[in-house]
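This report describes one protein model, beginning with the chain as a whole and then turning to single residues.

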Amino acid sequence: MDKPVVLIAEELSPATVDALGPDFEIRRCAGSDRKALLAALPEAHAVLVRSATRMDAEAIAAGPRLKVIGRAGVGLDNVDVSAASRAGVMVVNAPTSNIVSAAELTVGLLLAVARNLPQADAALKDGRWQRSRFTGVELADKVLGIVGLGRIGSLVARRMAAFDMRLIAYDPYVQPAYAQQSGVRIVGLDELLEQSDFLTVHLPKTPETAGLIGFDALHRVKPGVRIVNAARGGIVDEAELYAALKEGRVAGAGVDVFATEPCTESPLFELDNVVVTPHLGAGTAEAQERAGVAVAEAVRQALAGRFVPEAVNVRMGAVNGELAPWLLLAEQLGRLFTATAGGLPGVLQVQVSGEIGRHDVAALELAALKGTLTDVVEGGVSYVNAPLIAQERGLRTELLAGPDHAEHRSLVTVRGVLPNGEEVSVSGTLTGLQGRERLVDICGFEVDLPLTGDAVFFRAPDRPGVVGAVSEVLSRAGVGIDGLRLARTERPGEVLAALNVVGRVSQAVLDDTAARIDATRSWSLEPSGRAAAS
C-alpha cells in the first residue's frame with residue numbers, strides 16, 4: 001500500500017521528520033506560495049505548518065484526503081478550525097512548546113526596557129560613550145502587573161519573583177487561591193493599571209482582548225509605567241501606545257508582536273524608549289524542536305485513527321494515563337455493537353462502571369460513537385466529525401456512570417434500543433498487566449473473548465452439533481479457530497457461539513456457516529476492516 005503523504009509546508013526542525021518515522025511519504029512545499037500549496041494539497045493526508053501558511057476553507061477544500069493539520073506552535077490564527085471541523089479534519093498544535101521561550105523573552109524585554117540595553121549597545125558601537133543618558137531603573141521592589149496568568153504569565157511571575165518584584169495579576173479565569181501559590185495577588189484591571197510599575201501581557205487575541213490596552217487603559221496607567229507585549233499583536237493598541245510614549249505617560253515599551261506582521265515600518269520604531277523584536281517569542285532552537293516533535297507525534301496518532309490529546313477541535317474530556325487504554329476498547333465495542341445490531345438506535349448509551357468511572361470519561365463516549373459509525377459511513381469517521389455525523393443521522397448519545405461491578409474492576413457497556421424494540425448491548429473490560437481488550441457480554445450472553453483479532457459470532461438454536469458444524473465449514477474455507485466460547489442466557493433454547501479466527505471470513509462463508517446451524521443472526525468483526533452481518 002502507498003504510504004500516507006505528509007506535506008511539510010514550512011521549515012521545521014530535522015527532529016520533526018525523525019519523529020514522523022519511516023511510515024510516511026514526506027513531501028515539501030512553500031506554504032507561503034499559495035499556488036504551490038493548493039497544488040500540493042490534493043494528495044496530502046496531513047499538512048504541517050507554522051505561521052506563514054494559511055490553511056483556510058479554500059486550502060482545506062483543496063485537500064480531500066486531509067485527516068489532520070498540524071501547527072508547529074501555539075496560536076491558530078492561520079488555521080480555519082471551523083472549516084476543518086466541518087471537513088472532519090483534526091487540528092493539532094503544540095500548546096506548551098514555546099512557553100519557556102516566550103516567558104524568557106518577556107524577562108529579556110523587561111530588563112532591556114528597564115536598563116536601555118539595546119540603545120546603549122547601539123550608541124557604544126557607534127563610538128558614543130553615554131553613561132548618563134542611559135540611566136535605568138531597578139526591578140526590585142517594583143510592582144509587576146501581569147495581564148493574563150496562564151501558563152506563560154505564571155512562568156513570568158515565578159521568574160520575576162526572583163528579582164524581588166511585587167506581583168499582581170488580572171485574570172478573571174484564575175482563582176485567587178491558585179495565584180497565591182505563585183505569590184501573585186489577583187486584582188481588577190483598573191487596580192492593576194493604577195499600581196503597576198511594569199506591565200506584561202500574556203493573553204490570546206480574541207474579540208474581547210483586542211485593543212484591551214488601548215486609549216482608556218493607557219490613560220489610567222501609573223505614570224512612568226513600562227509595558228511589554230510578547231503575546232499577540234493588537235492586544236496593545238499600537239497607535240495609542242505611541243501617543244502615550246510621546247506624552248510621557250508610558251516611560252518605555254518592549255514589543256515583540258504587531259497587529260500586522262511582518263511589520264517593518266511603525267511609528268514605534270522612531271522612539272528611543274522602545275525595544276522591538278520581530279516576533280521572537282518562540283524563536284529558540286529548543287522551542288522549535290519541541291513544537292515540531294509534538295505535532296509530528298500528534299500526526300502519527302491522528303493518521304492511525306487514535307485519540308490525539310493536542311487536538312483543538314475534538315469535543316472530548318480530559319484523558320489521563322489511566323483512561324487512555326480504554327479508548328480503543330470503547331471504539332471496538334462501538335463497532336461490535338453496530339455489527340451485532342445490524343443498524344443504529346435512536347439513543348446510544350455508554351455506561352462506565354467501576355474504578356475507571358471515577359475519572360472524566362467523556363472521551364469514552366466519543367470513542368464508542370466513533371466506533372459505532374465507522375462501518376456504516378462512507379468517507380471515514382474521526383473523533384472530529386463523529387458528533388456531526390451522528391446528529392445528521394438522528395443519533396444521540398448518553399453517558400452513564402454506573403456503580404461498581406460485581407465481577408469486574410471496571411467495565412464499559414455500549415447499549416441501544418433498535419426501532420423494532422430490540423435491545424442490543426455489548427460489554428468489555430481490560431485484563432492483565434498489558435491491559436488487553438476482552439469482550440465479556442453480548443446481549444446477556446456471558447462470553448470471554450479477546451477483542452484483538454478477527455472474530456465471528458453466531459446466534460443459533462441450542463442443540464448438539466453446533467461446534468462441529470461451525471468448525472467444519474470454517475476449516476473447509478481455510479479459516480483457523482484460535483478460541484471458541486459457547487454462551488447461554490437465562491432464556492432456554494438459544495446459544496451464542498463466539499470465535500476468534502485466523503484468516504478472513506468472507507460474507508459467503510459467514511452465510512454458509514449460519515445456514516448449517518440455522519443461526520438466526522451471524523456477524524463478524526475485523527479490527528482493521530469492516531464489520532459484516534447477516
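In this predicted model, the protein chain carries 52 positive and 65 negative side chains. The centres of these two sets lie 2 Å apart.

The protein chain contains 17 helices and 23 strands. Its radius of gyration is 30 Å, well over the 24 Å that the globule rule gives for 534 residues, so the chain is more spread out than a compact globule. Along the principal axes, the C-alpha atoms fill a box of roughly 105 × 50 × 40 Å. Of the 534 residues, 49% are buried. The chain exposes about 24800 Å², and carbon and sulfur atoms supply 50% of that area. Among contacts between residues at least 6 apart in sequence, 63% join residues at least 24 apart.

Two loop residues can be looked at in turn. Serine 196 lies in the loop between helix 9 (189-195) and strand 9 (198-201). Serine 196 counts as buried because its relative accessibility is 0%, and buried means under 20%. The side chain of serine 196 reaches two backbone atoms, as listed here.

Leaving aside residues up to four places away in sequence, serine 196 touches Val143, Leu144, Gly145, Ile168, Lys222 and Val225.

Proline 267 lies in the loop between strand 11 (250-255) and strand 12 (274-276). With a relative accessibility of 43%, proline 267 counts as partly exposed. Proline 267 and valine 384 are 117 residues apart along the chain, and their C-alpha atoms are separated by 44 Å.

Note on methods:
Residues are numbered from 1 along each chain as its sequence is written. This is a predicted model: local features need pLDDT of at least 70, side-chain atom pairs count only at pLDDT 80 or more; totals for chains, interfaces and linings use all residues. Side-chain values use heavy atoms; hydrogens and water are left out. Helices (H or I, at least four residues) and strands (E, at least two) are DSSP runs, numbered from the N terminus. Buried means under 20% relative accessible area, exposed over 50%, partly exposed in between (1.4 Å probe, protein chains only). A polar contact is a pair of N or O atoms within 3.5 Å; within protein, one must be able to donate a hydrogen and the other to accept it, and residues adjacent in sequence count only if both atoms are side-chain atoms. Contact means heavy atoms within 4.5 Å. The radius of gyration is taken over C-alpha atoms; the globule rule is 2.2 Å times the number of residues to the power 0.38. Accessible areas come from the Shrake-Rupley method with a 1.4 Å probe; for residues, only the protein chains shown count as cover. Lys and Arg count as positive and Asp and Glu as negative; His and the chain ends are not counted. The place of a charge is taken as NZ of Lys, CZ of Arg, CG of Asp or CD of Glu.
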